[in-house]
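Let's work through a few exercises together. Have the sequence and the 3D view ready, and try each task before reading its solution.

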Amino acid sequence: DEVGSWGMWAKYYDQGAQTYVAHTTDANTFGMTGFKGYGVGASYTFAKNIVGNVAWYDTESKVKSEIDDQRIVADLYFTF
């Protein structure tokens with residue numbers, strides 16, 4: 001709610017195929033075969049009720065470790 005406020009986060013994932021049904025991450029979960037990797041992100045409040053988020057994920061399949069994925073996800077939230 002405070003303009004100019006910000007936050008950062010980091011997460012490590014090491015999840016088997018049976019540990020989730022519908023994962024809430026934007027990272028690649030490789031079709032419920034299990035995945036591991038990490039994500040880092042930051043958020044910034046541009047104006048009252050306007051918050052931007054950006055996150056970077058680097059994950060790989062636990063079944064075939066040669067299959068991996070890197071992605072950047074950006075969101076802009078408007079709340080009322």
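Predicted model: local features only at pLDDT ≥ 70, side-chain atom pairs only at ≥ 80, totals over all residues.

Residues are numbered from 1 along each chain as its sequence is written, and side-chain values use heavy atoms, with hydrogens and water left out.

**Exercise 1.** Find the order of the strands in the open sheet.

*Solution.* Strands are DSSP runs of E with at least two residues, numbered from the N terminus. Two of them pair if DSSP finds at least two bridges between them. Here the order is E1-E2-E3-E4, with antiparallel pairing. Strands E1 (6–15) and E4 (68–78) are at the edges with a single partner strand each, so one side of each has no neighbour in the sheet.

**Exercise 2.** Trace how E3 is joined to E4.

*Solution.* Start with the hairpin, which links E3 to E4 through six residues. Next, look at the eleven bridges between E3 (residues 50–61) and E4. Two examples: Asp58 has Gln70 as its bridge partner in E4, and Val54 has Ala74.

**Exercise 3.** List the contacts of Phe30 beyond its neighbours within four places in sequence.

*Solution.* Contact means heavy atoms within 4.5 Å. Phe30 then touches Phe35, Thr59, Glu60, Ser61, Ile67, Asp68 and Asp69.

Terms used
Helix = DSSP H or I, 4+ residues; strand = E, 2+ residues; numbered from the N terminus.
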